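I opened my notebook to jot down what I looked up, one stop at a time.

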Amino acid sequence: MDKDKKHVRLSKSDSHDLVMDAQRMVQSKLSNEGRRHFLRQGLTLGGIMMLTGCSLDDNAEAEKVLSQISRFNDRVQGWLFNGNRLAPEYSAAEITRPFPFNAFYSEDAIPAINGDDYRLEIRGLIRDVRAWRLSELQSMAQIAYTTRHICVEGWSAIGRWGGVRFSDFLHLVGADTRAKYVSFRCADDYYTSIDMASALHPQTLLALTWDDRTLPPEYGFPLKLRIPTKLGYKNPKHITSIEVTNYYPGGYWEDQGYNWFGGS
Amino acid sequence: MSTPPKILETIQPLWLRLCHWINAGAVVLMVMSGWRIYNASPLFDFHFPKGATLGGWLGGALQWHFAAMWIFGLNGLVYLLFNIITGRFRRRFSRLSFAEFWRDSLAALSGRLKHSDPKHYNMVQKFVYISVVFAVFTLALSGLVLWKSVQFAYLRQMLGGYETARYIHFYSMVFLALFIIVHLIMVVFVPKTLLTIIRGR
């Protein structure tokens, strides 16, 4: 690779970082405003419901209680989760076309990734720590499922994703499957994490294809986690690293208040 | 049955009054946060006004919804259990008759329906209260499907799939909201019913 090309690519990634930073700032401002509104309303309603006085402390208290209940709901969902229960599958005719693009940024900010240079980093509680090439993933046994993608907003869309069964991959790299979490970091600065039981579910895929063709950039090229037992925000795209860990890794939306388990 | 006369005087027992007010609070939280969740991806060509919603943003609304669901659900179970164990359902809702329902409905519409004896429900009350219990039950079941459509597979199939369950959840909410409006209007017309649901007598 010559120097010139490298320079161009660097500035490209710089501008990408800049856009990302700006987006994050706007995002945090927006979510702060939402939070204030959330607190104010929580206070008034909490005040009415519990017939207590209004103070800012009560507000923070309400938010604390709500996130504690959300953690409790994580445990309930973990307990309800049955590793043998399969998400329903659909026929090719039922696939939603066009399948919606959805991310925390607009379509012009989709990361451009070169499949030849791409490496998937595997870290944490695994035996075989190393980077994987796309071709290595493509040479593993491939399966595909046509399943319903359910967004936390309520809408849903049916799509067909194919790739490597995640449990095959985890076993191959010698992951400690007694670990609590599997965490994902992505080229679009998205990050999320899932519980080990869901990671080992037979329909959980490291998706390399959409509708039997190479995963298009808008759906997460080169690698997306497709997990039909969880909501859309637990299906990260453009994955660059996977870590098996016992430390709670959180997630982009989860850290702002979405339920962590996010199971369906 | 040899019931002491003192108990007979109580029209709405304490457990029922507690259930009613806990439910009232939980329903307000559920409906208002539910409207905010609806706004994130509306089924129809309208939004609920932001001022009538709870949670501020989708994540906050979901936290309220999935917290209040425990109060709403557990309180609902207690209500059903006590009604069955004490025989209140049987006493209050026995002798259902469609003919009487139509007669009472017509009487209600012309403003001649007796609504003054809180010890007995007229046939319109009987049908409306049974319907709203059914609507709330449907709200809970469809809500479970929306929350856990893979885990509650049989329930999902029973309700016609995930997308159908969204509509069932919405229409049950509409029925409940209409009920609450009529319910509150009737309290204005017959204010002593408010006393029986607070004091019991």
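Before I start on strands, I need one cut-off: two strands count as paired if DSSP finds at least two bridges between them. I also note that this is a predicted model.

**Entry 1: strand 7 of chain A**

I began with strand 7 of chain A, which covers residues 205–210. Is strand 7 of chain A mostly covered or mostly open? I found it mostly covered, with 6 of its 6 residues buried.

Next I looked up its pairings. Strand 8 (residues 213–214) of chain A runs antiparallel to strand 7 of chain A, and 2 bridges join them. That reaches the cut-off of at least two bridges, so the two strands count as a pair. Across this pairing I saw A:T209 opposite A:T214. The two strands make a hairpin with 2 residues between them, and A:D211 there has a positive phi near 55°.

I then checked strand 4 (residues 156–165) of chain A, which pairs with strand 7 of chain A in the antiparallel sense over 5 bridges. Here A:W161 faces A:W210 of strand 7 of chain A. Strand 9 (residues 224–226) of chain A is also an antiparallel partner of strand 7 of chain A, over 3 bridges. In that pairing I noted A:R226 as the bridge partner of A:L205.

**Entry 2: strand 5 of chain A**

I moved on to strand 5 of chain A, residues 181–186. How many of its 6 residues are buried? I got 5, and I wrote the strand down as mostly covered.

Strand 6 (residues 191–195) of chain A is antiparallel to strand 5 of chain A, with 5 bridges between them. I spotted A:T192 of strand 6 of chain A opposite A:F184. These two strands form a hairpin with 4 residues between them, and A:D189 in the turn has a positive phi of about 70°.

Strand 10 (residues 239–245) of chain A joins strand 5 of chain A through 6 bridges, again running antiparallel. There A:S241 is the bridge partner of A:R185.

**Entry 3: two helices of chain B**

Over to chain B, where I picked helix 6 (residues 123–147) and helix 8 (residues 162–189). At what angle do the axes of these two helices cross? I have roughly 150°, and the axes come within 8 Å. I logged the crossing as left-handed. Among the residues that meet are B:V132 and B:L139 from helix 6 of chain B, and B:I168 and B:F175 from helix 8 of chain B. By class, this contact has 14 nonpolar, 5 polar and 1 charged residues.

**Entry 4: domains of chain B**

I found chain B split into domain 1 (13–94) and domain 2 (98–201). The centres of these two domains of chain B, taken over C-alpha atoms, are 12 Å apart. Domain 1 of chain B puts 12 residues into the contact, and domain 2 of chain B puts in 14. On the domain 1 side, helix 2 of chain B gives the most, with 5 residues. I sorted that side into 6 nonpolar, 4 polar and 2 charged residues.

**Entry 5: where the chains touch**

Last stop: how many residues does each chain give to the contact? I have 32 from chain A and 25 from chain B. On the side of chain A that touches chain B, helix 1 of chain A gives the most, with 7 residues. That side of chain A holds 13 nonpolar, 15 polar and 4 charged residues.

How values were computed
Residues are numbered from 1 along each chain as its sequence is written. Chains are lettered from A and ligands numbered from 1 in the order in which they are written. This is a predicted model: local features need pLDDT of at least 70, side-chain atom pairs count only at pLDDT 80 or more; totals for chains, interfaces and linings use all residues. Domain bounds come from an automatic or database domain assignment. Two residues are in contact if their C-beta atoms, placed from the backbone, lie within 7 Å. Ala, Val, Leu, Ile, Met, Phe, Trp, Tyr, Cys and Pro count as nonpolar, Asp, Glu, Lys and Arg as charged, and the others, Gly among them, as polar. A residue is buried if 20 or more other C-beta atoms lie within 10 Å of its own, exposed if 12 or fewer, and partly exposed in between; C-beta atoms are placed from the backbone. Axes are lines fitted to C-alpha atoms, for helices over the stretch in contact, and angles run from 0 to 180 degrees between N-to-C directions. A crossing is left-handed if the near helix is turned anticlockwise from the far one by less than a right angle, and right-handed if clockwise.
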